[in-house]
Protein chains: 2
Amino acid sequence: MATTEYNVTGMTCGHCEASVREEVSEVPGVESVEVSHETGRLTVTGADDVSTDAVLAAVEDAGYRAQRA
Amino acid sequence: MATTEYNVTGMTCGHCEASVREEVSEVPGVESVEVSHETGRLTVTGADDVSTDAVLAAVEDAGYRAQRA
């Protein structure tokens with residue numbers, strides 16, 4: 001199990017959080033996702049080999065930008 | 001046919017617009033809904049007897065507040 005933190009820009013409300021959560025939850029190996037539009041923080045917990053690139057791409061698919069914290 | 005304008009507070013993004021559009025579209029008699037989170041303006045077009053109270057309640061169901069413009 002590994003937990004990785006990201007900073008996401010562009011989220012303004014709970015709907016934005018839900019979009020990010022939905023996309024990132026679909027990344028292989030991801031087990032839990034916490035995200036806050038207030039802090040911009042995204043916390044991803046899952047298998048040790050969850051792909052950072054896949055998480056970043058998932059955030060982009062949701063319409064936002066992220067980088068590793 | 002009648003067109004009525006409302007001011008909506010609290011929308012921050014396109015997801016918010018979509019939530020308002022979805023709820024207001026379900027009000028009996030409503031035929032088209034335009035909404036902008038940037039201006040807060042909601043324009044409802046439909047039958048002459050569309051209920052203002054029902055539109056206001058629909059906006060509230062979506063999680064926002066509105067008043068007649």
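**Close-up views of a predicted two-chain model**

View 1. With a relative accessibility of 55%, A:Arg65 counts as exposed (over 50% relative accessible area; under 20% is buried, in between is partly exposed; 1.4 Å probe, protein chains only). This is a predicted model, where local features need pLDDT of at least 70, side-chain atom pairs need pLDDT 80 or more, and totals for chains, interfaces and linings use all residues; side-chain values use heavy atoms, without hydrogens or water. Residues count from 1 along each chain as its sequence is written, while chains are lettered from A and ligands numbered from 1 in the order written. A:Arg65 pairs up with A:Glu60 in a salt bridge, and their closest N and O atoms sit 3.7 Å apart (the cut-off: a Lys or Arg side-chain nitrogen within 4 Å of an Asp or Glu carboxyl oxygen). A:Glu60 itself is partly exposed, at 47% relative accessible area.

**View 2. B:Glu5 meets B:Arg41.** Here's another salt bridge: the side chains of B:Glu5 and B:Arg41 come together at 2.5 Å, N to O. Search the whole structure and you get 4 salt bridges over all chains.

**View 3. Around B:Val20.** Who does B:Val20 touch, leaving out residues up to four places away in sequence? The list is B:Met11, B:Val35, B:Leu42, B:Val59, B:Ala62 and B:Tyr64 (contact means heavy atoms within 4.5 Å). B:Val20 also belongs to the largest nonpolar core, which has 38 residues (buried Ala, Val, Leu, Ile, Met, Phe, Trp, Tyr and Cys joined through side-chain atoms within 4.5 Å). The members touching the most others are A:Val20, A:Val24, A:Leu42, B:Val20, B:Val24 and B:Leu42.

**View 4. Where chain B meets chain A.** Each chain brings 6 residues to the contact. Together the chains bury about 410 Å², with carbon and sulfur atoms giving 57% of it (accessible area, 1.4 Å probe, lost on joining and summed over both parts). B:Thr12, B:Cys13 and B:His15 supply 77% of what chain B buries against chain A, more than any other three residues. How many salt bridges cross this interface? The count is 0.

Technical notes: Buried area is the accessible area (1.4 Å probe) that two parts lose on being put together, summed over both.
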